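Here are some exercises to work through with the structure open beside you. Try each task on your own, then compare your steps with the solution.

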Amino acid sequence: DIIGSHCGAIRSLLIKDCKNTIIYARCVLGSVRIEDCCNCTFYLGPTKTSIYLNGLKTCIAFLASHQLRIHECENCNLCFRANSHPIIEDCKGMGFAPYTVEYNDITKHFQDADLSQARCWDNVVDFRWHRSTASPNWRVLLSSERPIAKTITEKDGSITVWGTPQEVVSSSIANKSNNVIDGSVFASMELANAAKEGDANANAGGDSDDEM
């Protein structure tokens, strides 16, 4: 299952306890919480309200929303687009860059989320830094450091995305019953999808269609 491939807008999405995981949501989201994830990459479509990040470490996230709150995150790079400035609290090593995700319906999704005119991404407010000098806890990423996201192919319900560092993503996992993604759900559904693909190939007599 791929987030947003058939279910339209998702009212709320909670992603937690993921490690070394890549998640792609090709849809409009109502609200998003991402908690306690490490070394993960998130490619999310526009969010109608707010996004809250807590306890992330060495993650890359592509996010678009009306409000972004970030708490206790370390060494994360965020490609972001919003109607208001991002807010960080108890964070360090945060990098910011413009949002760059592309997919077929993204222009319409930005319109549906009322984010077509959103331009904020680099005027970050650090709630723990009250001095006149710039906060040492975040910075604007140089062009050479910025993650790149672009959908390059869609086939049989799967999505492939190139990122930086060079990662290839296919078949992101969603738990439709409660819109929660965690490491255990991701792993178990990967195995289930692999089994389904094997059954489908067997039923087709081993033939496959590899045309784009």
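This is a predicted model: local features need pLDDT of at least 70, side-chain atom pairs count only at pLDDT 80 or more; totals for chains, interfaces and linings use all residues.

**Exercise 1. Work out where in the chain the partners Asp-90 and Arg-128 lie.**

Step 1. Start with the contact itself: the closest N and O atoms of Asp-90 and Arg-128 are 3.0 Å apart, and the two residues form a salt bridge.

Step 2. Asp-90 sits in the loop between strand S9 (87-89) and strand S10 (94-98), while Arg-128 belongs to the loop between strand S11 (125-126) and strand S12 (138-140). With 38 residues separating them, the pair links distant parts of the chain.

Step 3. Check the surroundings. Asp-90 is partly exposed at 36% relative accessible area, and Arg-128 is also partly exposed, at 48%.

**Exercise 2. Locate the salt bridge between Lys-108 and Asp-112, and describe its setting.**

Step 1. Lys-108 and Asp-112 bring their closest N and O atoms to 2.8 Å in this salt bridge.

Step 2. Both residues lie in helix H1 (residues 106-112). They are 4 residues apart, about one turn of the helix.

Step 3. Lys-108 is partly exposed, with 48% relative accessibility, and Asp-112 is partly exposed as well, at 38%.

Step 4. Finish by looking for salt bridges that share partners: these join Arg-69, Glu-89, Asp-90 and Arg-128 into one network.

**Exercise 3. Follow the aromatic rings from Tyr-24 through Tyr-43 to Phe-62, and name the geometry of each pair.**

Step 1. Count first: a search of the whole structure finds 5 aromatic pairs.

Step 2. Take Tyr-24 with Tyr-43. Their ring centres are 5.9 Å apart and the planes make an angle of 45 degrees, a tilted pair. Because Tyr-24 lies in strand S2 (residues 22-25) and Tyr-43 in strand S4 (residues 41-44), the pair ties together parts that are 19 residues apart in sequence.

Step 3. Move on to Tyr-43 with Phe-62. The centres are 4.9 Å apart and the planes meet at 10 degrees; planes under 30 degrees apart count as stacked, so this pair is stacked. Here Tyr-43 in strand S4 is linked to Phe-62 in strand S6 (residues 60-65), 19 residues away.

Step 4. Check burial: Tyr-24 and Tyr-43 are buried, and Phe-62 is buried too.

Step 5. Tyr-24, Tyr-43, Phe-62 and Tyr-103 form one aromatic cluster.

**Exercise 4. Identify which members of the largest nonpolar core touch the most other members.**

Step 1. The largest nonpolar core has 34 residues, and the members with the most such neighbours are Phe-42, Leu-53 and Ile-70.

Step 2. Zoom in on Ile-70 and leave aside its neighbours within four places in sequence. Its contacts then include Leu-53, Leu-78, Ile-87, Met-94 and Phe-96.

Step 3. Look for another core. A second, separate one of 19 residues has Ala-64, Val-101, Phe-110 and Ala-149 among its members.

Step 4. Return to Phe-110 and inspect the face of its ring: Arg-81 lies over it, at 4.1 Å from the ring centre.

**Exercise 5. Describe the surroundings of Arg-139.**

Step 1. Arg-139 is found in strand S12 and is partly exposed, with a relative accessible area of 42%.

Step 2. Apart from neighbours within four places in sequence, Arg-139 is in contact with Met-94, Gly-95, Phe-96 and Glu-145.

Step 3. Compare sequence and space: Asn-77 is 62 residues from Arg-139 in sequence, with 9.6 Å from C-alpha to C-alpha.

Notes: Residues are numbered from 1 along each chain as its sequence is written. Side-chain values use heavy atoms; hydrogens and water are left out. A nonpolar core is a set of buried Ala, Val, Leu, Ile, Met, Phe, Trp, Tyr and Cys residues joined through side-chain atoms within 4.5 Å. Buried means under 20% relative accessible area, exposed over 50%, partly exposed in between (1.4 Å probe, protein chains only). Contact means heavy atoms within 4.5 Å. A salt bridge is a side-chain nitrogen of Lys or Arg within 4 Å of a carboxyl oxygen of Asp or Glu. Helices (H or I, at least four residues) and strands (E, at least two) are DSSP runs, numbered from the N terminus. Rings of Phe, Tyr and Trp (its six-membered ring) pair if their centres lie within 6.5 Å; planes under 30 degrees apart count as stacked, over 60 as edge-to-face and the rest as tilted. A charge sits over a ring if NZ of Lys or CZ of Arg is within 6 Å of the ring centre and within 35 degrees of the ring normal.
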